[in-house]
Amino acid sequence: MIESGAKEKLIQVVGRENYDDTQAGRLVYSYDASPQFQAMPDAVVAPRNKAEVQAIVKLCNEYRIPVVPRGSGSNLCAGTCPVEGGIVLIFKHMNRILEIDEENLTVTVEPGVITLDMIKAVEAKGLFYPPDPSSMKISTIGGNINENSGGLRGLKYGVTRDYVLALEAVLASGEVIRTGGKLAKDVAGYDLTRLLVGSEGTLAVITEATLKLLPMPEAKKTMLALYQDIEACAQTVSDIIANRIIPATLEFLDQPTLQAVEAFAHIGLPTNVKAVLLIEQDGPQEVVERDIEKIAEICRKQHAVDVKVAASSEHAEALMTARRSALSALARLKPTTILEDATVPRSEVAKMVVAINEIAEKYGLHIGTFGHAGDGNLHPTCLADIRDQDEMERVEKAFAEIFQKAIELGGTITGEHGVGRAKAPYLEWKLGETGIGVMNAIKNALDPNHILNPGKVFAKETDRVVMEK
């Protein structure tokens, strides 16, 4: 509960209409897209500008009130669940595209801008912003930066951090820091921009971002390769990269996912095959034609039963939209959908897919797998029922084994979803005790009172999970 003195001061900053501590208002922001996590905030606060963000954070630091910066809550790691109460900071008023700079190929935005709205705005000027998380219709740029979001085009173009040139952010003290600039080169001091990207709101509150843009690709083509052998399908991914071809998109969907997506999207996806690769290449017309032809040849060598090139741009877009709907499609099947993102080197995708299926069978679970196979980022998705305690315990054990297998194969516990609360118990598996110590030192230096998104990234000693030897 926020004491009355602090409440009145916060209301003086943002206005009573932008401070909500009603039961209904708080309930809306008590959870995000992550299953199994919910906690009530004490209030929801909507600043209108940077000065108000400064005043809010400074007040919260003084009164030791937790601050949880939140975009649209589409993250899958409980990154914006207010597990220690306090205020949820929302950016519905700070949602402007401030500038599209066609000379420097940049766009500058406030954190509340919806990702797809910004993409459409820059594309209207013949420019291209590659990061395309599946949630881009609702996710915000601020949320993307906090989580370092990926997307279907990550293989060729990288993730959010590769496009963040400059940031304006409010520290826990209420001071403002500006990092980077509209620069192709900048090695002046530590790279604070990259430090803040992916820090999940635990180090600062983003109030403005300048992002890099590219020229729009000249052409693109989309194809489906169908397989009756999942291992052959996964091996094709490695073979394509080994042939020095980097597609814009190289996605994997297994049969359970295909069936769910087709039932949801009704676009004629094949459901009688064990797996498909959804492949898109873009660039100069002649390069696209050459690469698609070579990729089709590689797919057939790995025993693809059919290779189909989209007949039109509309069909290609329908295929990509269907892939983006995979989580929504699977979520309709059972009450609880748990989507993870174990990531391995591309050369280990085949082994990881086999391991996921074996683990699912071992624990008697229904796990559909899809994901960005081209960058090794797989999304094993378990369909369960949170009301079944025995099943949920098996789910937890299964995912622990999946994370452990990913690390054994040289991978990581999360490729794009973030750590948040959900993955915090496993982070030491990846970083080791020394790595966690370095992160703690940074956190303590920038946020000594631990008001910024507390309870995330760093696991309490009682929550830590020890890796089996």
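## Two loop residues with positive phi

Glu-200 sits in the loop that links helix 7 (192–196) to strand 10 (205–212); helices (H or I, at least four residues) and strands (E, at least two) are DSSP runs numbered from the N terminus. Its phi is positive, about 60°, although Glu-200 is not a glycine. Because its relative accessibility is 5%, Glu-200 counts as buried; buried means under 20% relative accessible area, exposed over 50%, and partly exposed in between (1.4 Å probe, protein chains only).

His-266 also has a positive phi without being a glycine, here about 55°. The loop that holds His-266 runs between helix 9 (255–265) and strand 14 (275–283). Buried or exposed, where does His-266 fall? At 61% relative accessibility, His-266 counts as exposed.

## A note on the model

Please keep in mind that this is a predicted model, in which local features need pLDDT of at least 70 and side-chain atom pairs count only at pLDDT 80 or more, while totals for chains, interfaces and linings use all residues. Residues are numbered from 1 along each chain as its sequence is written, and side-chain values use heavy atoms, with hydrogens and water left out.

## Helix 1 against helix 3

Helix 1 (residues 4–14) and helix 3 (residues 50–63) pack with their axes 9 Å apart, at an angle of about 170°. The axes are lines fitted to C-alpha atoms, for helices over the stretch in contact, and angles run from 0 to 180 degrees between N-to-C directions. That makes helix 1 roughly antiparallel to helix 3, on a scale where angles under 35 degrees are roughly parallel, over 145 roughly antiparallel, 65 to 115 roughly perpendicular and the rest oblique.

Helix 1 brings Gly-5, Ala-6, Lys-9, Leu-10, Val-13 and Val-14 to the contact, and helix 3 brings Glu-52, Ala-55, Ile-56, Leu-59, Glu-62 and Tyr-63; contact means heavy atoms within 4.5 Å. By class, these residues of helix 1 and helix 3 are eight nonpolar, one polar and three charged. Ala, Val, Leu, Ile, Met, Phe, Trp, Tyr, Cys and Pro count as nonpolar, Asp, Glu, Lys and Arg as charged, and the others, Gly among them, as polar.

## Helix 8 against helix 10

The axes of helix 8 (residues 230–242) and helix 10 (residues 285–301) cross at roughly 140° and come within 9 Å. That makes helix 8 oblique to helix 10. Which residues meet here? Thr-236, Asp-239 and Ile-240 of helix 8 touch Ile-295, Ile-298 and Cys-299 of helix 10. The contact of helix 8 with helix 10 divides into four nonpolar, one polar and one charged residues.

## Helix 13 and its surroundings

Helix 13 (residues 349–362) has 14 residues and spans 20 Å from its first C-alpha to its last, close to the expected 20 Å, a figure that is 1.5 Å times one less than the number of residues. Its buried residues are Val-349, Ala-350, Met-352, Val-353, Ala-355, Ile-356, Ile-359 and Ala-360. They pack against helix 8, strand 13 (249–254), strand 17 (366–372), strand 18 (377–384) and helix 14 (389–408). Just after helix 13, Gly-364 takes a positive phi of about 65°.

Asp-385 lies in the loop between strand 18 and helix 14 and counts as buried at 15% relative accessibility. Leaving out residues up to four places away in sequence, Asp-385 touches Pro-335, Thr-336, Glu-391 and Met-392.
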